[in-house]
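Thanks for coming, everyone. I will take one protein chain today and walk through it piece by piece. Here it is on the screen.

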Amino acid sequence: MIEIKKADRIPRMSETFQDRARQRLQNLGLSPSGASEKAGLSRETLPKLLKNEMALPGGRTLTRLAAVLGTSEQWLLTGQGPEQGGGPENTGNSAAAPRTSEVRPAGDVEVIQRSAMPADVPVMGTAAGSLQSGAFQLQGGVIDYVRRPPALSGARDIYALYIEGSSMEPRYFPGELVYVNPHKPPRIGDTIIVQELNGDSSPVAASIGVLHKRVNGTVVLRKYNPPDSEVTIQQSSISAIHRVLTPNELFGV
């Protein structure tokens, strides 16, 4: 039985992804929709991310936005590391003094080649769509293999899923790939995969969402689209809860 209602609002944290993105937009004289287009994304991608202070971009979206905003993925996501990268320069005010950074570039850094990352992470299914059904089907077998990020070298039983639909926008967009670790205990606020029993002969149904709370024998997931909405799943129907890995964990930050 799935119930949907408005979630309790979570207090806003300082120095968020949104704050840093707005700072770079102002420095470069770009609009959110213009930056999205330059990044090869939908015009609404960055405006949606800026509107929801709890949202974070997925890996592909983060990479493209960081390049257009002229900053590093690490700084844009966490506020750590170099702010200024190799993106476009600000030409909106030639009289303004150039910004300097106190962060010096690293010396010789070993770059890991893509070919060195084994394509051994199984893709087990495709995430579905609407807030009401909000579930995908684990296909009962591997449908594809994708490359293992260096930070996950040696991690056991990692699997991946493709996202479809819009219930997790703007954190995850259709076509995004998420990596899941079944051995990391989920905490409140983590993005999780909830696998549900669906009969002996049926594929396992599963939902993706932010773990909001556990109460009265239920697990409550928060969705991003529409904002502050919830999906409640009966604990008795759940066979497993797995944590979706964050970009920080994929990059080894």
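**Salt bridges and strands**

Arg-156 is exposed, at a relative accessible area of 54%. For the terms: buried means under 20% relative accessible area, exposed means over 50%, and partly exposed is in between, with a 1.4 Å probe and protein chains only.

Some ground rules. This is a predicted model, where local features need pLDDT of at least 70 and side-chain atom pairs count only at pLDDT 80 or more, while totals for chains, interfaces and linings use all residues. Residues are numbered from 1 along each chain as its sequence is written, and side-chain values use heavy atoms, with hydrogens and water left out.

Now confidence. pLDDT is the predictor's confidence in each residue, from 0 to 100. The protein's mean is 76, and 72% of its residues reach 70 or more. Contact here means heavy atoms within 4.5 Å. Where pLDDT is low, the predicted coordinates should not be read in detail.

Back to Arg-156. Its side chain meets that of Asp-157 in a salt bridge, 3.6 Å from N to O. The rule: a side-chain nitrogen of Lys or Arg within 4 Å of a carboxyl oxygen of Asp or Glu. Asp-157 is partly exposed, at 48%. By this rule, the count comes to nine salt bridges. Side chains of opposite charge can pair when their charged atoms come close.

Next, Asp-190. Is Asp-190 buried or exposed? At 10% relative accessibility, Asp-190 counts as buried. Asp-190 forms a salt bridge with Arg-243, the closest N and O atoms being 3.6 Å apart. That pair links distant parts of the chain. Asp-190 sits in the loop between strand E6 (177–181) and strand E7 (191–196), Arg-243 sits in strand E11, and 53 residues separate them. A word on labels: helices (H or I, at least four residues) and strands (E, at least two) are DSSP runs, numbered from the N terminus. Arg-243 is buried too, with a relative accessible area of 5%.

Asp-190 also meets Arg-187 in a salt bridge, at 3.3 Å from N to O. Arg-187 is exposed, at 53%. Which residues make up the salt-bridge network? Lys-184, Arg-187, Asp-190, Arg-243 and Glu-249 are linked in it.

On to E7 itself. Six of its six residues are buried, so E7 is largely enclosed by the rest of the structure. In a regular strand the side chains alternate between the two faces of the sheet. In E7, Thr-191, Ile-193 and Gln-195 point one way, Ile-192, Val-194 and Glu-196 point the other way, and all are buried. E7 pairs with E11 in the antiparallel sense, over five bridges. Two strands pair if DSSP finds at least two bridges between them. Glu-196 stands opposite Ile-238 in E11.

Leu-245 is buried, at 5%. Beyond four places in sequence, Leu-245 contacts Leu-152, Ile-158, Tyr-179, Asn-181, Lys-184 and Leu-250. Take Asn-181: 64 residues from Leu-245 in sequence, yet 6.6 Å away in space, C-alpha to C-alpha. Lys-184, another of those contacts, belongs to the salt-bridge network.

Now strand E9, residues 218–223. Why call E9 largely enclosed by the rest of the structure? Because six of its six residues are buried. Thr-218, Val-220 and Arg-222 cover one side, Val-219, Leu-221 and Lys-223 the other. The partner is strand E10 (229–234), antiparallel, over six bridges. Thr-218 has Gln-234 as its bridge partner there. The E9–E10 hairpin has five residues between the strands, and Asp-228 takes a positive phi near 65 degrees.

Last stop: Glu-169, in the loop between strand E5 (159–163) and E6. Glu-169 is buried, at 11%. Leaving out neighbours within four places in sequence, Glu-169 touches Lys-48, Pro-174, Tyr-224 and Asn-225. Glu-169 and Asn-225 are 56 residues apart in sequence and 5.8 Å apart in space, C-alpha to C-alpha.

That is the tour.
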